[in-house]
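Me: I have a model to go through with you. Let's take the helix packing, then the ligand site.

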Amino acid sequence: MKISEMFKTGKPVLSFEVFPPKKTSGVESITAAVDELAELKPAYISVTYGAGGNTANTFTRDIAAHIKNDCGIEAMAHITCVNNSKEEVLTVMDSFTEAGIENILALRGDINPNVPPKTDFSHASDMITFIRSHSKYDNIGISGACYPEGHTEAESLTEDIINLREKVNAGAEELISQLFFDNAFFYDFREKAKIAGINIPISAGIMPVTSKSQIERMVTMCGASLPQKFVRMVTKYESRPDALIDAGIAYAADQIADLLSSGVDGIHLYTMNNPYVARKIVDMIGKLL
Ligand code: FAD
């Protein structure tokens with residue numbers, strides 16, 4: 001089922017995101033966590049795509065196929081074009097479709113200063129146009145990423161939203177946002193996207209904090225702003241890891257409750273492969289969906 005269809009019921013769509021294990025561990029090292037997440041019955045689970053190489057592609061495909069075929073939950077496989085040529089994108093797409101995967105998140109991927117990017121595609125929208133030009137993928141749902149605070153490379157949020165419109169025009173049917181800790185950014189972005197004529201569902205990406213180092217890593221990568229309330233929480237509990245996890249869960253649940261009250265299309269939970277955290281959040285907000 002195409003994920004964009006799920007939004008047609010008018011009810012908010014809850015989805016999870018997981019990431020494949022490191023090359024040295026097998027897929028089976030995260031199967032138990034994925035199975036536990038699937039038991040929480042999200043509408044779909046997405047699987048991230050590593051920075052290139054066959055192992056990364058195979059792991060993403062195998063985990064997504066397990067979610068779809070063994071757990072009976074709709075799966076979305078991420079795919080990036082920064083390290084893939086046109087031919088390689090077709091190879092990956094064919095391997096996804098042969099495994100029964102019906103949805104992808106089409107991304108450019110982060111540019112690694114030590115790895116020269118491949119040059120067939122400059123932006124995610126170029127890859128979406130390319131995939132959409134092949135009728136054999138007509139039944140594949142395509143989603144794209146969006147950035148409530150603007151993408152780090154864009155000069156302004158307005159410029160980023162104008163570029164985002166290209167992604168939608170190319171054929172993205174749903175958008176998933178980068179994580180944010182201040183809902184005001186999401187509401188402002190959603191309003192501006194609407195004014196720009198972007199009318200497809202936008203799911204809000206929420207990451208419950210589970211450790212100080214995780215937040216530092218994420219913020220360095222994506223540049224999310226940290227509101228005072230959030231900084232106070234991390235400062236207060238950083239030396240008590242269990243307390244920080246509970247505080248992080250409460251913070252994320254509060255963000256989600258506010259988003260749901262404000263009519264958000266969907267919540268995309270960055271689970272960090274942690275079923276405990278996802279279960280707690282679902283317990284707290286499940287009835288609000
Ligand atoms: P693009 O949409 O190509 O945008 C990148 C930049 O180019 C932006 O600044 C944009 O404004 C600009 N731009 C876009 N189109 C145009 C245009 N036509 N003309 C001029 N400028 C343009 N990374 C991974 O490696 N693997 C993953 O699995 C992964 N999953 C992610 C999931 C989500 C929900 C999100 C939000 C991000 C994910 N990322 C992942 C990170 C993502 O790859 C990076 O944020 C990357 O830097 C941008 O990817 P994009 O698809 O948004 O790129």
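Reply: Ready. This is a predicted model, where local features need pLDDT of at least 70, side-chain atom pairs count only at pLDDT 80 or more, and totals for chains, interfaces and linings use all residues. Residues are numbered from 1 along each chain as its sequence is written, and side-chain values use heavy atoms, with hydrogens and water left out.

Me: At roughly what angle do the axes of helix α9 (residues 228-237) and helix α10 (residues 241-261) cross?
Reply: Helices here are DSSP runs of H or I with at least four residues, strands are E runs of at least two, and both are numbered from the N terminus. Axes are lines fitted to C-alpha atoms, for helices over the stretch in contact, with angles from 0 to 180 degrees between N-to-C directions. The axes of α9 and α10 come within 9 Å and cross at roughly 165 degrees.

Me: Is α9 roughly parallel or roughly antiparallel to α10?
Reply: Angles under 35 degrees count as roughly parallel, over 145 as roughly antiparallel, 65 to 115 as roughly perpendicular and the rest as oblique. The α9 and α10 axes cross at roughly 165 degrees, so α9 is, relative to α10, roughly antiparallel.

Me: How is α10 oriented to helix α11 (residues 275-285)?
Reply: Their axes come within 10 Å and cross at roughly 40 degrees. That makes α10, relative to α11, oblique.

Me: How is helix α7 (residues 183-195) oriented to α10?
Reply: The axes of α7 and α10 come within 10 Å and cross at roughly 30 degrees. That makes α7, relative to α10, roughly parallel.

Me: Which element gives the most to the shell around the ligand?
Reply: The shell has 22 residues, counted as near if a heavy atom lies within 4 Å. β3 (74-80), β4 (103-107), α6 (157-170) and β6 (174-179) each supply at least two. The most, 3 residues, come from α6.

Me: How far is a polar side-chain atom of D160 from an oxygen atom of the ligand?
Reply: A polar contact is a pair of N or O atoms within 3.5 Å. For Y147, a polar side-chain atom lies 2.7 Å from a ligand oxygen atom. For D160, the distance to a ligand oxygen atom is 2.6 Å.

Me: What share of the ligand's exposed area does the protein bury?
Reply: Areas come from the Shrake-Rupley method with a 1.4 Å probe. Taken alone, the ligand exposes 980 Å². The protein buries 85% of that.

Definitions and conventions:
Polar contact = N/O pair within 3.5 Å; in protein donor to acceptor, adjacent residues only side chain to side chain.
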